[in-house]
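Hi,

Here is the structure I promised to pass on. Please open it alongside this note; my findings follow below.

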Amino acid sequence: MIKIQNLHHRYPDGTYALRGIDLAISKGEFLLICGSNGSGKTTLLRIMSGLLKPSDGSISINGHNPVNNSRKVRQIVGMVFQDPDSQIVGETVREDVAFGPENLELPLKEINERVDWAIEKMGLQGLSEKPCYLLSGGEKRRLAIAGVMAMKPEVILFDEPFSHLDYPGIQEVLRYMIQLHQEGHTLVVTTHDVEKVICHVDRTAILQNGEIKASGSPESLVKELSRFGVRPPCYVLLGGEKISWLE
Ligand SMILES: Nc1ncnc2c1ncn2[C@@H]1O[C@H](COP(=O)(O)OP(=O)(O)OP(=O)(O)O)[C@@H](O)[C@H]1O
Ligand SMILES: [Mg+2]
């Protein structure tokens with residue numbers, strides 16, 4: 001589904017954010033990319049979504065190159081940004097969720113159905129006419145996710161999706177991710193706080209200084225995390241069985 005080979009990215013100020021990334025993500029896979037602050041997670045997701053052109057290397061999404069076919073790639077890939085404020089474009093919650101499906105030029109009836117569905121899924125029903133700038137941090141996060149859901153992309157990239165969310169909010173997003181995974185969507189989630197999601201992913205990759213240092217089953221990597229600046233889940237630190245945030 002996603003194939004990345006020898007990908008490098010250097011920002012205009014000279015910061016070398018990604019150094020030789022090789023990564024293949026299968027259709028329907030649920031991948032966790034973890035790494036400490038500044039390790040390159042957001043840069044990698046922005047390149048996967050077609051928002052950022054890599055300095056070097058190749059990437060293809062379902063056979064399409066995001067560099068020269070970003071329109072097609074944006075129909076396949078949806079990204080929930082790390083900072084919800086940078087994703088909100090509508091004046092009210094409802095207008096914001098409608099923005100994506102409107103851009104897909106869907107029939108009005110389908111736009112309305114998708115907007116209602118996404119608003120309900122993210123528990124925003126009571127807020128649908130509220131101006132977005134008045135929302136709390138967690139509500140903005142739910143809104144950003146609802147906006148991506150309404151576009152029903154095949155691949156969804158979640159950049160630090162649990163920040164700003166309370167306990168029920170984290171559980172809701174996690175349940176939603178599991179549901180998307182069961183429905184066959186390809187999911188990539190990045191975080192430095194692996195505790196919340198690691199029990200549910202198929203594979204984990206560890207990013208450090210712009211390089212993938214390890215990749216494999218979560219079970220095989222949980223003990224390695226601290227070497228790369230990522231805190232292992234509590235159950236590992238306490239030597240117990242794995243515990244999901246849904247329990
Ligand atoms: N627009 C930019 N211009 C210059 N440097 C940048 C830019 N965006 C990111 N960087 C740098 O690239 C590196 C990787 O940043 P990135 O945002 O990808 O990391 P991250 O793993 O997502 O970090 P965090 O956990 O803090 O979100 C950092 O050193 C950062 O300072
Ligand atoms: Mg980031």
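Predicted model: local features only at pLDDT ≥ 70, side-chain atom pairs only at ≥ 80, totals over all residues.

The overall build comes next. The chain has eight helices and nine strands. Its radius of gyration is 18 Å, close to the 18 Å that the globule rule gives for 247 residues, so the chain is as compact as a globular protein of that length. Along the principal axes, the C-alpha atoms fill a box of roughly 50 × 45 × 35 Å. Buried residues make up 41% of the 247.

Now to helix H1. This helix spans residues 41-48 and is mostly covered. Seven of its eight residues are buried. They are Lys41, Thr43, Leu44, Leu45, Arg46, Ile47 and Met48. Note that the list includes Lys41 and Arg46. After H1 comes glycine 50, with a positive phi near 85 degrees.

What surrounds ligand 1? The shell holds 14 residues. The closest are Tyr11, Asn37, Lys41, Thr42 and Thr43. H1 supplies the largest share of this shell, three residues. By type, the shell divides into 10 polar, two charged and two nonpolar residues.

Best wishes

Methods
Residues numbered from 1 in each chain as written. Chains lettered and ligands numbered in written order. Helix = DSSP H or I, 4+ residues; strand = E, 2+ residues; numbered from the N terminus. Rg over C-alpha atoms; globule rule 2.2 N^0.38 Å. Buried ≥ 20, exposed ≤ 12 C-beta atoms within 10 Å, placed from the backbone. Near = placed C-beta within 6 Å. Nonpolar A, V, L, I, M, F, W, Y, C, P; charged D, E, K, R; others polar.
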